[in-house]
Amino acid sequence: MINLFTAVVLSSIFCSVFAVRPEIVDDILPEVKKQGQTAYLNCSVINLQSPAQLQWIKQTTPTGLPQHISSDESVRIDEVVEGRRKYDVVKYRSNNREMYQLIIRSLTETDAGNYTCQIYLPNQNYKEWPQKLGSLTVQIAPTIKADSAASITVQEGQNITLVCEANGNPSPNITWKRGDGFPLPNGGFQQRGGTYNVYQINATDRGQFICIADNNVKPPASYTVQLEVRFAPYCKAIQDTVGQAQNRRFHAKLECLVAANPRAEVIWYKENKATQEKEQIQDNDKYTLEQQDDQRLKADEKWYTLSIKNVQGNDYGDYYCTGKNEHGENEAKFQLFETMECQGQNCPSVGAGKAPSTYQVSMVTFMFGLIISFSIKKCFQR
């Protein structure tokens with residue numbers, strides 16, 4: 001009897017205070033904003049009157065417990081960011097409606113989540129309070145974890161795994177590409193995924209590998225991994241056959257590109273035609289050994305030249321540029337052969353010292369005769 005009496009009394013009080021039950025009339029539209037921007041969540045109600053209150057509650061918090069943000073227009077959280085209040089509630093009235101707008105400034109990742117707009121009804125079970133749920137998504141530009149390796153050194157023939165981990169909202173897509181624009185070791189110009197496996201590393205695979213994380217929230221993030229490969233020398237003849245005329249004080253130049261890591265010891269040889277043995281060439285009056293500088297070369301590439309001065313008949317034959325380091329040895333072969341005329345950039349100008357042709361003589365005679373005829377004609381006119 002007592003419980004029944006109590007219920008009747010409370011029901012009478014409720015009916016007298018809330019003649020018409022307050023309601024939340026519209027759904028709360030989801031809000032999507034970028035980090036640092038301002039979010040707006042709107043909650044529209046009718047029939048709201050004291051002592052009922054409209055409250056904003058943040059459901060998703062780092063502690064896992066709901067956070068009471070406001071009651072009506074009064075904000076309960078005293079937080080200031082960049083000189084302005086973090087939260088504000090502004091009320092707008094239109095006819096019989098009232099809209100309570102929750103403003104959240106300087107958005108961070110922790111602001112994302114669900115927010116509840118609810119009408120607090122005194123002496124009523126909270127489960128019966130009118131409620132609407134709204135969501136806030138905070139888009140965050142990608143960031144790449146700093147613990148990713150910035151440089152990897154391997155020996156030729158080994159396998160490696162490049163790892164790139166990125167954060168952001170939405171979750172970033174990760175793409176690998178080469179810094180020099182050439183195809184990747186496994187083929188193609190791009191590789192999707194945070195983990196990139198490269199098998200049987202080749203010396204030509206060395207260089208920069210760039211990891212790019214993108215989720216359409218600018219700016220994308222990038223990270224560069226420098227891949228160093230230790231390998232035996234690669235020797236390449238820039239021009240493997242070189243011709244030059246003999247006994248006319250002309251020179252011949254052989255050029256060799258050597259790539260190696262660690263740096264190779266480079267030695268030039270000439271094959272002895274009689275013994276078929278390779279004889280080492282020394283820098284002397286006959287030969288000049290040089291290393292050329294070229295900014296287009298990679299750090300582990302060197303340009304070597306052998307100049308053969310005053311080419312004679314016994315200079316023709318096979319030459320070798322050899323490179324050697326702790327991982328092995330390699331060579332490039334050249335052939336110097338005889339030509340009838342001078343070859344190369346330092347040759348005398350073509351036609352220098354030659355007699356003029358019949359055509360050239362005829363043209364000079366014609367022009368000279370024309371000038372004389374004109375002069376005589378002018379003389380008679382006087």
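Predicted model: local features only at pLDDT ≥ 70, side-chain atom pairs only at ≥ 80, totals over all residues.
1. Strand β23 covers residues 265–271, and strand β27 covers residues 317–325. The two pair in the antiparallel sense, over 6 bridges. Look across the pair for two tyrosines: Tyr269 stands opposite Tyr320 in β27. As background, strands of a sheet pair through backbone hydrogen bonds, either parallel or antiparallel.

2. Now widen the view to the sheet around that pair. Which order do the strands take in this open sheet of 5 strands? The order is β21-β28-β27-β23-β24, and the pairing is mixed. At the edges stand β21 (241–244) and β24 (278–280). Each has a single partner strand, so one side of each is left without a neighbour in the sheet. From one strand to the next, the twist averages 30°.

3. Another open sheet has 4 strands, in the order β1-β3-β10-β9. Its pairing is antiparallel. Which strands stand at the edges here? They are β1 (23–24) and β9 (87–94). Each of these has a single partner strand, so one side of each lacks a neighbour in the sheet.

4. Next, the interior. In soluble globular proteins, nonpolar side chains tend to be buried together. The largest nonpolar core here has 27 residues. Which of them touch the most other members? They are Cys43, Val45, Leu54, Trp56, Leu102, Ile104 and Tyr115. The elements giving two or more residues to this core are β3, β4, β9, β10, β11 (113–120) and β12 (131–144). β3 gives the most, with 4 residues.

5. Pick out Ile104 and check its surroundings. Leave aside residues up to four places away in sequence. Ile104 then touches Gln37, Thr38, Ala39, Lys86, Tyr87, Asp111, Tyr115 and Leu136.

6. Turn to the backbone. Most residues other than glycine have a negative phi, and most peptide bonds are trans. Two prolines deserve a look. The peptide bond from Ser50 to Pro51 is cis, with omega near 10°. Pro51 lies in the loop between β3 (39–46) and β4 (53–58). A cis peptide bond also joins Lys218 and Pro219, with omega about 0°. Where is Pro219 found? Look in the loop between β19 (207–214) and β20 (221–237).

7. Glu82 is not a glycine, yet it has a positive phi of about 55°. Glu82 lies in the loop between β7 (80–81) and β8 (84–85). Is Glu82 buried or exposed? Glu82 has a relative accessible area of 74%, so it is exposed; the cut-off for exposed is over 50%.

8. Finish with Asn216. Its phi is near 70°, a positive value in a residue other than glycine. Asn216 lies in the loop between β19 and β20. That is the loop where Pro219 is found. At 71% relative accessibility, Asn216 counts as exposed.

Terms used. Residues numbered from 1 in each chain as written. Heavy atoms only, no water. Buried < 20%, exposed > 50% of the residue type's maximum accessible area, 1.4 Å probe, protein only. Pairing = 2+ DSSP bridges. Axes fitted to C-alpha atoms, helices over the stretch in contact; angles between N-to-C directions. Core = buried A, V, L, I, M, F, W, Y, C linked by side-chain atoms within 4.5 Å. Contact = heavy atoms within 4.5 Å.
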